[in-house]
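Biologist: Please take a close look at the ligand and its surroundings, and tell me what the protein places around the ligand.

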Amino acid sequence: MAGLIEKFLKVFARRGRSIILAYDHGIEHGPTDFLDNPDSADPEYILKLAREAGFDGVVFQRGIAEKYYDGSVPLIVKLNGKTSLYNGEPISVANCTVEEAVSLGASAVGYTIYPGSGYEWKMFEELAKIKREAIKFDIPLIVWSYPRGGKVTNETAPEIVAYAARVALELGADAMKIKYTGDPKTFAWAVKVAGKVPVLMSGGPKTKTEEEFLRQVEGVLEAGAVGIAVGRNVWQRKDALKFARVLSEIVYGGKKVAEVLGEVG
Ligand SMILES: O=P(O)(O)OC[C@H]1O[C@](O)(COP(=O)(O)O)[C@@H](O)[C@@H]1O
């Protein structure tokens, strides 16, 4: 529904661009993700970081939302999740309903699909049910579209990322999160085939240098993405808040990497 795209943009891209702090890694990757910056194991640290950096939202699983969410930053409840301990065709099933997410204070719900997986049919089926519920509760649905398993050999190959974007559009996403292809030109094609649906770049593993990530962000904005949904590349850094503020200057302030380079470590 076009209305739900507008509703997503009004809450999560009120300045025309979006930075959402993703924090569902505890289940997806395990607490090892927090070791580089142990403070990041504390959801209150994450909320403070998002608030002080002026980000548009946070992504929590239901348990974190239930125990820690304080309403200080718009909330996206991620409805499904899987662990990295699972050793089979990728599948991620819901552990929370749209109604429960709304009662937790969510302004949007998230759901991961793994197109290509032998279980894609099950995730697509579950996503359809969630889509109907999202319409009923008038809440935007953000699709994490991550081709994985089956015939997928390179998750960030341009044709795979573009395919991921198109699947999210055709299954009814009101916004989507896709991996970066590595260059603005091929990412622009994924944005194009996403049609009307706003595209967020998924941050990915922490880059060796801060500059490297900032250049990726610059590239996706040039390619037409509305912004980024990032976790590790922000809260795994020791000076996370300082870096988050530099990120804001690029995403919201329209600054170029060359202009902010002096500010990063
Ligand atoms: O399945 P993958 O590729 O490990 O990524 C899963 C993680 O990536 C995200 O989509 C984005 O987080 P990052 O910015 O840390 O990559 C998270 O929401 C999720 O936990």
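Modeller: The ligand takes up the space of the largest pocket, where a pocket is an open set of points on a 1 Å grid over the protein atoms alone, with protein on both sides within 12 Å along at least five of seven lines, and a molecule sits in a pocket if more than half of its atoms lie within 2 Å of its grid points. The model is predicted, local features need pLDDT of at least 70, side-chain atom pairs count only at pLDDT 80 or more, and totals for chains, interfaces and linings use all residues. Side-chain values use heavy atoms, without hydrogens and water, and residues are numbered from 1 along each chain as its sequence is written.

Around the ligand are 17 residues, of which His25, His29, Tyr146, Lys179 and Arg232 come nearest; a residue is near if one of its heavy atoms lies within 4 Å. Polar contacts (N or O pairs within 3.5 Å) reach ligand oxygen atoms from the side chains of Tyr146 at 2.5 Å, Arg232 at 2.6 Å and Trp144 at 3.0 Å. Of the 460 Å² that the ligand exposes when taken alone, the protein buries 93%, by the Shrake-Rupley method with a 1.4 Å probe.

Tyr146 lies in the loop between β7 (141-145) and α7 (158-171), with helices (H or I, at least four residues) and strands (E, at least two) taken as DSSP runs. An unreviewed UniProt entry gives Tyr146 and Lys177 the feature "active site", an annotation that may be inferred rather than shown by experiment. These positions spread over 32 residues of sequence, yet their largest C-alpha distance is 8.3 Å.

Conventions: A polar contact is a pair of N or O atoms within 3.5 Å; within protein, one must be able to donate a hydrogen and the other to accept it, and residues adjacent in sequence count only if both atoms are side-chain atoms. On a 1 Å grid over the protein atoms alone, a cavity is a set of points where a 1.4 Å probe fits but cannot get out, and a pocket is an open set with protein on both sides within 12 Å along at least five of seven lines; lining residues have an atom within 4 Å of a point.
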